[in-house]
Amino acid sequence: MDAKQRWAQVAGTSSAIVAGLTAAALGTVGFLALRAQATVPAALRDGAAAGASAAAKAKAPRDRQHPTALPGGSGSGERVVYSLDDDRVWLVAPGNGVRRTFTVRPGSVDPAPGTYWVTSRSNTATGTDGLPVEHVVRFTSVDGVVIGFSAAVHGGPGLAADPNVRTGGIRESRADGDALWQFATIGVPVVVIR
């Protein structure tokens, strides 16, 4: 066998080895992807990104005698509950006791009702309306607009957002912002209701 034939044989063998390794690598990646998908909690896998439940889309029941009481059907366990219709937030402890409730001023873009999780936090930032804000707690985005809670550094939640700017900042007072900052760490659920 001459050098040219040996080279062709080596090249063919090398190609077969590379093809075999590639197939094995793809099989391993596929297996790991299936395992990863199987171990993701259903709430994270099927949560707000897949659409809110029918119960979350309907208006949560209210106690007419106590309008600031935690609405029924807002979940269980430790969570932040945010009512789109009432512009109100409840910080709920693991035993379903309300630690604090307060009103907020939403931006011009609302999240859909459903369950989200705190994904990022910033001690200070500049809001999409150009105002300096503190204690930013983000939990989703809508069409590229980030949605989260924050407190304006100079002023209360009453500062009106510019109607010409798409904002997702849900403004609270500085005292309420401090409380939410302490409570809503990364991974804490945020339940958005009507």
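**Figure 1. Overview of the protein chain in the predicted model.** Among the contacts in the protein chain with a separation of 6 or more, 52% are accounted for by residues 24 or more positions apart. The model shown here and in the views that follow is predicted, and its protein chain has four helices and nine strands. Read from the N terminus on, the elements of the chain follow the order α-α-α-β-β-β-β-β-β-β-β-α-β. Of the 194 residues in the chain, 31% count as buried.

**Figure 2. The open sheet formed by β5, β6, β7 and β8.** Four strands make up this open sheet, in which the order is β5-β6-β7-β8 and the pairing is mixed. The edge strands are β5 and β8, each of which pairs on one side only. On average, and with direction ignored, neighbouring strands of this sheet are turned by 30° against each other.

**Figure 3. Gln182 of helix α4 and His135 of strand β6.** Gln182 lies in helix α4, while His135 has its place in strand β6. Gln182 counts as exposed because its relative accessibility is 64%, where the cut-off for exposed is over 50%. His135, in contrast, counts as buried because its relative accessibility is 11%, and buried means under 20%.

**Figure 4. The largest pocket and the residues that line it.** About 320 Å³ of space lies in this pocket. Its lining is made up of 25 residues, and those closest to the centre of the pocket are Gly127, Thr128, Val146, Gly168 and Gly169. Rolling a probe the size of a water molecule over the atoms shows where empty space is left. At least two residues of the lining are supplied by each of the strands β5 (120-126), β6 (132-142), β7 (145-152) and β8 (169-172). The largest share, six residues, comes from β7. Sorted by class, the lining has 10 nonpolar, 10 polar and five charged residues.

**Figure 5. Strand β9 with its partners β1 and β4.** Strand β9 covers residues 189-193, and because four of its five residues are buried, the strand is largely enclosed by the rest of the structure. Strand β1, which covers residues 79-83, pairs with β9 in the parallel sense over four bridges. Within this view, Ser83 stands opposite Ile193 in β9. Strand β4, which covers residues 114-117, is also joined to β9 by four bridges, but these two strands run antiparallel. Here Thr115 stands opposite Val191 in β9.

**Figure 6. Two loop residues, Ser76 and Asp87, on either side of strand β1.** Ser76 has its place in the loop between α3 (54-57) and β1, and it counts as exposed because its relative accessibility is 58%. The C-alpha atoms of Ser76 and Gly95 are 7.9 Å apart in space, whereas the two residues are 19 residues apart in sequence. Asp87 is found in the loop between β1 and β2 (88-92). With a relative accessible area of 26%, Asp87 is partly exposed, because this value falls between the limits of 20% and 50%. The phi of Asp87 is near 50°, which is a positive value in a residue other than glycine.

Notes: Residues are numbered from 1 along each chain as its sequence is written. This is a predicted model: local features need pLDDT of at least 70, side-chain atom pairs count only at pLDDT 80 or more; totals for chains, interfaces and linings use all residues. Side-chain values use heavy atoms; hydrogens and water are left out. On a 1 Å grid over the protein atoms alone, a cavity is a set of points where a 1.4 Å probe fits but cannot get out, and a pocket is an open set with protein on both sides within 12 Å along at least five of seven lines; lining residues have an atom within 4 Å of a point. Grid points are joined across faces, edges and corners, and a volume is the space filled by probe spheres set on the points. Ala, Val, Leu, Ile, Met, Phe, Trp, Tyr, Cys and Pro count as nonpolar, Asp, Glu, Lys and Arg as charged, and the others, Gly among them, as polar. Two strands pair if DSSP finds at least two bridges between them. Axes are lines fitted to C-alpha atoms, for helices over the stretch in contact, and angles run from 0 to 180 degrees between N-to-C directions. Buried means under 20% relative accessible area, exposed over 50%, partly exposed in between (1.4 Å probe, protein chains only). Contact means heavy atoms within 4.5 Å.
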